Amino acid sequence: MTEVDELLTIERVAVLNRMVLFGAVPGHTLVAVARLLEEVRVEPGDTFIEGGSVEDWLFVVVDGRVRVHSGERTLAEAGPGSVVGELAVLVPAPRSASVTAMEPTLLLRLRRAPFEELLDDRPEIARAVIATLARKLQESADAGDILEGT
Amino acid sequence: MLLAGQAFALGLMMAWILVPASAIFLEAYGSGLLPVTYIGAAAAGIASSASLSAVLRRRTLSAVAAQVLAGLACLLATAWVLLWKFEAEWVSFGLLVLVPIIVPIGFVFVVGQAGMLLDVRVLKATYARVIAGFALGFVAGGLAGSPLLRALGGTEHLLAAAALVAGTFLLLVEVTRRTFSAELSVVDVVHEGAERPTLRVLLRHRYITLIVAFQMLSAVESQWLDYLVFDRASRRYEDSEELAQFIGRFTAIAYGADILFLLLVAGLLLRRFGLRYGLTANSVAVMTLIGGMILAASLQGSAATIVFVLIVAARVTDLVFSDGTSRTSLSAAYQVVPSALRLVTQAKVEGLAVPVAIGASGVILVVLRWAGGTEGILLPVLTSVVVAAWIVVAALVYRGYRVNLLASLRRRTLDPAALNLDGADGLVVIERLVDSDDERDVRLALDVLAGANHAALPAILSRLTEDQRLDLRATALERLVDVEPQTAAVAARRGLTDPSFRVRAVSIRVLAAVGGAADVDDIAASANDSPPDVMVAAAAAITRLGSDAGRVRVAADLVRLARSRAAQDRVIAAQMFGECEPGEWMDRSVLRALLDDPDHDVVNAALAATRWPHEAELVHHVTDHLHDRRTSIAAVDALVRGRDSVLDDVEDHLHGHAFGRRGQVMLARVCRRIGGVSARNVLHRHVDHPDREVGLAVMTALAALAPRGTAGGAADDFDAAEMDQPGHTAVVRADLEHATYVLRALVALDGFPSTDLLRAALRDELDLVRQRLVVGLSMRHGTEALDRVQFQFAQHDPRSHALALEWLDVTLTGADRAVVAMLEPGMSDHERLRALARRFPVAAIDPVAAILELAHDRDRRWRRPWITACAIQAAAVLADDGVESAMIAEIESAINLDDHDDEIVRETLFGIRQRRSAGRSRLDPLSEVDRTA
């Protein structure tokens, strides 16, 4: 796993813009988040997330393909745009599965500490993230209601 | 269609009741007794209204309609049998009395169902077609009457046909009920203990009173115009055949015009000109014709042909506009009556007020005939007076509609229950709260007593100053000093030796406020080796109560602490500055150093210590702290304490971009919190700030300073016209125009590859414009109204959307009306652009031209570096993809990096140049997004 610097800030915003967590944050505000991202290059066979480890960062797959697995059992495969451990930047928890690169892969990593500092400094980002989480919660609750109704 | 079918059945039935009833009645009793049937209608109306209102409170509208129609069918069948078998001509009197009752009650059923099934906007748009069904049914009944009479052989047999139509009407109501069972199952439940909605209760609602007046005046006017037509026609055409011919032509023209108007233009006009037109068009048009008629009668005599033509024209106009505008508008007006009263109101108005008005018009006609006849201009003049009153009432109904529409948008709020402390029971509750282990309960009890200014409060507070709960002792002491200062002073002297430092600090502060010089030594002793809060309180007390020597000692301590290397000491120094009595003994220049301290806690304490006008020369040191989130709140508080004295500096910083967005947004907040005329004037001058986000903050501050509601409640110094300045109108207009350009770019880029980020940036811009428009309208129409509109738009219910849109429709005028296109949910970009382009015409643009315009921003329209950067990125990606390779080259050559001080534009362009020169490309990560992820 090597740290690289290939993407412009605007390209990192393009990545963040597609993430559900930042869906309600305006692009020009995401510039500040984009500047916190670290670019990580992994080679085929590199396991960059170990199941059970407690980490407080998320990865976005920019280029390449990864395998999500529990032991040898493949749970899913993911490519560009996929986010791994999205909520870890808000609530760290043990990883539920391992993730291994299947081909040369470029990842973006967002760590919790600088992100929290940014949330302190830019309350508009925190507001937008809260709005997104609240909407997801409402959708889940609505779905639950429907199921209960049936 | 079902409602139109019901209306058609109603029209058909009425034609087949009216024709035989009139013919038999006139043949048997003559026209002189016609006004008596009007009076009979009033009596029947009162009876039917009472029973209808009562039954509507218990059963659904559909069930009531079914019962009434079944009864009517039986009644008509019985009348037919009586006339056919027993030649009972008196039955025709009963039928003529029923005619003015059946029509409005029939409409209560149709309109009531329409109100439950359609939202207010759909109702306005389609209701004319439903009403056209009635007119069509009436004409069809008239046309089919002759062949039917020939086939059946007797006038009375039309009643049998009418009975069958009543049965068909019943069938249609039943089909409608089954098709829309959920919507039509509502009953006007009156809750136990609630006021029973009698006519007297309803008339306490001003809006309902106005509706009643509107309908009564309309009914009297229609009745008298009808009478004038037939009275003058019977004088003009003495021959019965000529008279019949005239009536035939008149009916054909009136109902033909009615149907054409309803089907072709009524809905269109109502949508275009709104409810104000709908409620007033009829009365104004009729007034014009009656005015002309009175003038012509004065010049040429009442028998002149022109007078007769104008009477007929007035009646035809009245009929056409009644069906096409008044009835539809009134049905919309009913929709903002509180839902619990709506159907009962309709039943009372249509079933009681209208018949009473018809009866009154009949009584007046009888009196006029008895007093000297109705052939002169007296009746037209009386009619003009009624119409004039009708115009005034229509305008008032429209105003009431706007107010009630806003009330309909209101979400439910809980009414706070008042706590009665007069009785012993109330005090028992308070005592229990005071004794609670939870300090929040104690605070609640003290708040309630303080709110009621209760006599028991000082005794309870005094008792709590000796309570075992430490925090409560301090709280009680803090409160006691406001209600009984001397008792508080005694308790505070006791508190100087309290083990709790908080109680000691509060005791010192209480003594500083209400104690004397004799307390200084004890205060100084209690502060030795105490925590900072006690030290600060003691220093402040000594500077207030002590000698000059004591103040000099405090000043020396203050300077020593301010120069300390420990940040905590410097914080204490700043707190002392804030609390000590200002005076020459104090070197306030020390505060400047504390304001420039590198530690944020020290700066915040120093900001809290600033006093105005003492620190007037430090205002720039204060405003500098607006940029940092860690100090901005304290800086805002400090500036707010400066009130109007800081506004000149605030305004200087609000100009242009130099002070920065964050700082300027905070300055807008400062103005909002200062309030008053001067602060508002500063804000007024910056609503068109070149940075749209700062402008939004300025407008938000102004909107917050406007009165909450739209109907009064303004501050004493507030002039309602203040928020309606030409500058504000220009800002809303400029935002709408900007929105048109944003939408044009979005439409141009729709489906164009590799422009996701640019389109997202444009959508962010559109959201910003939308927020600005809402706030811009809030400034003029009140934040409460716009809050409600937004709340309704946020619901997933089309009826809520319709109510919100209706409020915007009847409130906004001129260019503001275009805002609807920006706020209405569910519209596509294309639809919004089409709607806005009508007012702000823009030429269509292709995607490449759109990207170039956004990248260059030659007109300074966009003023958004982020959009510029996104346009550059989109052009670069398109070049890499080989779609548009010339575009990025053009942008690169046209944009001079030295002209751009924004980091994101510089970084994007620089990075792209480097990559292009190195022959590399990676500009659109995730262009092949894994859809399976």
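**View 1. Packing of H37(B) against H38(B) in the predicted model.** Helix H37 spans residues 847-856 of chain B. H37(B) and H38(B) pack at an angle of about 135 degrees. Their axes lie 7 Å apart. From H37(B), the contact uses Ile851(B), Leu854(B) and Ala855(B). From H38(B) come Ile867(B), Thr868(B), Ala871(B), Ile872(B), Ala874(B) and Ala875(B). By class, the residues of this contact are eight nonpolar, one polar and no charged.

**View 2. Ala875(B) and its contacts.** Ala875(B) is part of the H38(B) side of the contact with H37(B). Neighbours within four places in sequence are left aside here. Ala875(B) then contacts Ile851(B), Ala855(B), Met887(B), Ile888(B) and Ile891(B).

**View 3. The largest nonpolar core.** This core holds 335 residues. Met13(B), Ala162(B), Ala166(B) and Ala875(B) touch the most other members.

**View 4. Chain B against chain A.** Chain B gives 22 residues to the contact and chain A gives 23. On the chain B side, helices H32 (756-781), H38 (865-880) and H40 (903-918) each supply at least two residues. That side has 12 nonpolar, three polar and seven charged residues.

**View 5. The fold of chain B.** Chain B has 40 helices and zero strands. Of its 933 residues, 48% count as buried. Take the contacts in chain B between residues at least 6 apart in sequence: 75% join residues at least 24 apart.

Terms used. Residues numbered from 1 in each chain as written. Chains lettered and ligands numbered in written order. Predicted model: local features only at pLDDT ≥ 70, side-chain atom pairs only at ≥ 80, totals over all residues. Contact = placed C-beta atoms within 7 Å. Helix = DSSP H or I, 4+ residues; strand = E, 2+ residues; numbered from the N terminus. Nonpolar A, V, L, I, M, F, W, Y, C, P; charged D, E, K, R; others polar. Buried ≥ 20, exposed ≤ 12 C-beta atoms within 10 Å, placed from the backbone. Core = buried A, V, L, I, M, F, W, Y, C linked by C-beta atoms within 7 Å. Axes fitted to C-alpha atoms, helices over the stretch in contact; angles between N-to-C directions.
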